[in-house]
Amino acid sequence: MDFGVVLQADPPSSAVVSLMRRAERNGFRYGWTFDSVVLWQEPFVLYSRILEHTDRLIVGPMVTNPSTRAPEVTASTFATLNEMYGNRTVCGIGRGDSAMRVAGRRPNTLARLGEAIGTIRDLAEGREADLGGGHLVRIPWIRGGRLPVWMAAYGPKALAMAGRLADGFILQLADPFLTEWMIKAVRQAAVDAGRDPAAVTICVAAPAYVGEDLDHTREQCRWFGGMVGNHVADLVARYGEHSGMVPDELTDYIKARTGYDYAHHGRADNPDTAFVPDVIVDRFCLLGPPAAHREKLRALQALGVDQFAVYAMHDAKEATLDAYGTDIIPAFSEA
């Protein structure tokens with residue numbers, strides 16, 4: 001199993017670079033950031049600096065979207081980084097929750113997202129792509145290279161699209177029951193599309209906090225249930241509470257949700273997450289001593305998870321990265 005770390009691009013940028021270097025020293029293979037440029041610093045500027053100051057780390061957004069950046073811009077940016085640093089990037093992409101909503105726009109449609117996946121990958125790898133209306137474009141300076149495009153998804157239509165089109169699937173929660181349900185949906189869609197389901201990389205991303213005080217770790221990670229709740233609320237609006245299209249285990253907990261302020265998005269002090277019960281924090285996150293993390297990670301690995309990405313948005317970033325490097329990653333490197 002690979003390991004990644006997910007950071008917000010808060011200033012100072014040097015601190016983000018330092019944490020990424022620390023992650024690499026501790027055995028992490030991927031370095032991800034949010035991509036919501038109204039809320040945080042520009043991630044692609046940071047990627048260049050991170051790549052310059054690491055040796056092996058693969059970087060990318062979790063996640064970008066096809067509207068705040070036009071697909072040809074995204075493709076050219078990734079191809080430039082790959083030319084400079086040797087194919088050490090991955091494009092995580094989704095509909096755009098915070099990035100679009102804080103700018104006063106609705107998230108992208110799945111149709112637009114599906115078109116962008118192929119366009120970005122083709123252009124970034126030097127192939128011709130249709131930018132709309134039959135207008136074919138190729139970026140002439142790109143000579144080969146590779147850009148995996150991984151799609152974030154929760155709902156049935158998005159899961160099916162990930163299985164049909166994406167190189168990887170990003171699931172932003174670490175509940176084994178829901179993970180199993182969603183991986184099955186992605187893999188079945190891949191089979192139906194004539195693809196090898198094993199070719200779709202499975203990445204689970206969630207907060208991880210190594211510590212003995214569970215009450216404190218829960219409070220530091222409760223924000224995540226609120227963030228996931230934004231996506232779940234969209235699913236409930238589309239499919240209803242008990243449609244059979246989405247597991248009740250995912251939708252039931254947001255009944256007490258009243259609203260969400262993106263000014264606190266992804267932060268431990270988010271006041272809009274009081275509705276998230278302890279049981280959801282425990283199910284969605286990895287908390288407790290190293291042994292508890294290893295146990296849950298083994299369960300996820302058995303379901304087919306290829307990478308676990310640690311959301312490090314709490315008051316023990318360094319300690320958790322170090323604990324993973326000492327007590328957790330080696331157990332999976334040796335497996």
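These legends go with a few close-up views of the structure above.

This is a predicted model, with residues numbered from 1 along each chain as its sequence is written. Local features need pLDDT of at least 70 and side-chain atom pairs count only at pLDDT 80 or more, while totals for chains, interfaces and linings use all residues, and side-chain values use heavy atoms, with hydrogens and water left out.

**View A. W32 and W150 form a tilted aromatic pair.** Rings of Phe, Tyr and Trp (for Trp, the six-membered ring) pair if their centres lie within 6.5 Å; planes under 30 degrees apart are called stacked, over 60 edge-to-face, and the rest tilted. That rule gives 16 aromatic pairs. In this one, the centres of W32 and W150 are 5.6 Å apart, with 45° between the planes. W32 belongs to strand β2 (residues 30-33) and W150 to strand β7 (residues 149-152), so the pair ties together parts that are 118 residues apart in sequence. Helices (H or I, at least four residues) and strands (E, at least two) are DSSP runs numbered from the N terminus. W32 and W150 are both buried, where buried means under 20% relative accessible area, exposed over 50% and partly exposed in between (1.4 Å probe, protein chains only).

View B. Y253 sits in the loop between α10 (248-251) and α11 (278-284), and F284 is in helix α11, 31 residues away. Y253 is buried at 8% relative accessible area, and F284 is buried too, at 0%.

**View C. An aromatic cluster, and a charge over a ring.** F34, W40, W223, F224 and Y311 make up one aromatic cluster. As for the charge, the charged end of R298 sits over the ring of F332, 5.7 Å from its centre; to count, NZ of Lys or CZ of Arg must be within 6 Å of the ring centre and within 35 degrees of the ring normal.

**View D. Helix α7 has a buried face.** With 17 residues (176-192), α7 spans 24 Å from its first C-alpha to its last, close to the expected 24 Å; the expected span is 1.5 Å times one less than the number of residues. Its buried residues are L178, T179, M182, I183, V186, A189 and A190. Down the axis of α7 they fall within an arc of 125°, so they line one face of the helix; the arc is taken over directions from the helix axis to the C-beta atoms. Exposed K184 and D192 are on the face turned away from the buried side. Among the elements covering the buried residues of α7 are α6 (156-165), β8 (168-171) and β9 (201-210). G194 follows α7, with a positive phi near 80°.

**View E. Cysteines without disulfides.** The count of disulfides is zero, with a disulfide taken as a pair of cysteine sulfur atoms within 2.5 Å. For C91, the nearest cysteine sulfur is that of C203, 13 Å away. The sulfur of C221 is 5.0 Å from its closest cysteine sulfur, in C285, which is too far for a bond. C91 is buried at 0% relative accessibility, and C221 is also buried at 0%.

**View F. Q301 in helix α12.** Q301 is partly exposed, at 30% relative accessible area. Leaving out residues up to four places away in sequence, Q301 touches M1 and F332 (contact means heavy atoms within 4.5 Å).
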